[in-house]
Amino acid sequence: MEEVRVFPLTCAVQNYAWGKVGLDSEVAKLVVGGDPLAVIEDAKPYAELWMGTHPKGDAEIKDNRIAQTTLGQWIAHFPGCLGSKVKDTFQGQLPFLFKVLSVNTALSIQAHPNRELAARLHAQFPEHYPDNNHKPEMAIALTSFQGLCGFRPVEEVLAFLKSVPEFHALVGNEAAEELRCSVGDVVHTRQALKKCFTRMMNCEKKVFVDQLNMLVKRVTEEAAAGKDTSSSHGDLLLRLHSQYPGDIGCFSIYFLNHMVLEPGQAMFLGANEPHAYLSGDCIECMACSDNTVRAGLTPKYIDVNTLCEMLNYTPAPASSKIFPSVQDPSDPCVSLYDPPIPDFTVMRIQVPASVKQYTVSPVDCAGILLVVEGDAIATSAAALSDITLRRGTVLFISANESVSLHITSQSGMTMFRACCLL
């Protein structure tokens, strides 16, 4: 029965250990908002909400008139729902996975390969790299959100090499001096940064654990004596060390930008960009892939050689890593986050309290809509019956379908919509 082309979804929750616990988690709040009968356990982490067709979390269709039980099965039956361009470009697959993340403890420092490298890694090491696709990602903050992203300006790295002797010991005099002499020469700087980072990542375990213990002891004593530890990035160091004691990733804070995103701010993580999520809640959208090359803050496999070879060593300030949104010229309620890759675009839809009727415009690709705040009754020719929208409702909208909202909440609505605007 193909005529139902707009329908609600029940989405998969991932209970990874790094997630926020119980109702502290934005993921848990959205789950219970979308389904008041859902049981949230106080001591359980609710890390990720997956909205899409990934085999490890294919969304279930909440419409008993539809024979297929999951979104992936339904799209396989009716690939036309994707829109002709997306269907042809992405071989009849939904090209993105849309998520909400609630981060309590840091995720591993990682980077994702481009398509060429992904194909090579998958062919050589399929046990570590499960597919041949690239994995660009974008994170949009829902609450104050902290992460690491990209190499810092050289002046900042040099300042840490000077003020953190334990860090200098891992990098070594020769590489540190080379970095100092490279200032002003872009190509030389990239080579020198690569050398410094590679030296640190290849340190013998005993050496870096001893240096890390000395650093943590020194910063702890300085903090206890009321001294300012910012020249050693003391607060973040101690937080990461308490989560991942003895982990080489603790030193990466001296190489990578520390980002603090306010709600609505975003960062785009292209191929080979080193990054880690540290804390907070965000919307995330990514291409469909599980390929991750890890660099630290993890008990998992670290592929040091691949990592050090692939990274983008171009230094840049934290401010340049904030990805701007643009207002949609045809709809003042919509902000577009449109990264430089074809796989996905995210829209933030903010309907003010004064507006009671709003139309989610048709686009020529399938999309997934998440309600973050507000209540409405949704009608669509493609839904056949009204759908109640509330915080946590997730809606699949086929290509070229519009949805009319009669807004019932007093404070307007906030929604995020993922799609693929080719």
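These legends walk through several close-up views of a predicted model.

**View 1. Gln146 and the residues around it.**
Start with Gln146, which sits in strand S10, a stretch covering residues 145-151. With a relative accessibility of 18%, Gln146 counts as buried, because buried means under 20%. Its side chain has a polar partner: the side chain of Arg239, at 3.0 Å. Setting aside residues up to four places away in sequence, Gln146 touches Arg239, His258, Met259, Val260, Tyr277, Leu278 and Ser279.

**View 2. Helix H7 against helix H8.**
Here we look at H7 (residues 173-181) and H8 (residues 186-201), whose axes come within 9 Å and cross at roughly 160 degrees. An angle over 145 degrees counts as roughly antiparallel, so that is the label for H7 and H8. Their crossing is left-handed. On the H7 side, the residues that meet H8 are Glu174, Ala175, Ala176, Glu178, Leu179 and Cys181. On the H8 side, look for His188, Thr189, Ala192, Leu193, Lys195, Cys196 and Arg199. What kinds of residues make up the contact of H7 with H8? Seven are nonpolar, two are polar and four are charged.

**View 3. Helix H9 against helix H10.**
Now for another pair, H9 and H10, with axes that come within 10 Å and cross at roughly 125 degrees. The crossing of H9 and H10 is left-handed. From H9, the contact draws on Leu212, Asn213, Leu215, Val216, Val219 and Thr220, while H10 brings Gly234, Leu237, Leu238 and His241. Sorted by type, the residues of this contact come out as six nonpolar, four polar and no charged.

**View 4. His233, in the loop between H9 and H10.**
Stay with these helices and pick out the loop that runs between H9 (205-224) and H10 (234-243), where His233 lies. What is the phi of His233? The value is near 50 degrees, which is positive, and the residue is not a glycine. As background, most residues other than glycine have a negative phi. Is His233 buried or exposed? His233 counts as buried, because its relative accessibility is 16%.

The last stop is Lys29, found in helix H1, which spans residues 26-34. Lys29 has a relative accessible area of 32%, so Lys29 is partly exposed. How many residues apart in sequence are Lys29 and Gly392? The answer is 363, yet their C-alpha atoms are 7.6 Å apart in space. Leaving out neighbours within four places in sequence, Lys29 is in contact with Leu23, Asp24 and Arg391.

Technical notes:
Residues are numbered from 1 along each chain as its sequence is written. This is a predicted model: local features need pLDDT of at least 70, side-chain atom pairs count only at pLDDT 80 or more; totals for chains, interfaces and linings use all residues. Side-chain values use heavy atoms; hydrogens and water are left out. Helices (H or I, at least four residues) and strands (E, at least two) are DSSP runs, numbered from the N terminus. Buried means under 20% relative accessible area, exposed over 50%, partly exposed in between (1.4 Å probe, protein chains only). A polar contact is a pair of N or O atoms within 3.5 Å; within protein, one must be able to donate a hydrogen and the other to accept it, and residues adjacent in sequence count only if both atoms are side-chain atoms. Contact means heavy atoms within 4.5 Å. Axes are lines fitted to C-alpha atoms, for helices over the stretch in contact, and angles run from 0 to 180 degrees between N-to-C directions. Angles under 35 degrees count as roughly parallel, over 145 as roughly antiparallel, 65 to 115 as roughly perpendicular and the rest as oblique. A crossing is left-handed if the near helix is turned anticlockwise from the far one by less than a right angle, and right-handed if clockwise. Ala, Val, Leu, Ile, Met, Phe, Trp, Tyr, Cys and Pro count as nonpolar, Asp, Glu, Lys and Arg as charged, and the others, Gly among them, as polar.
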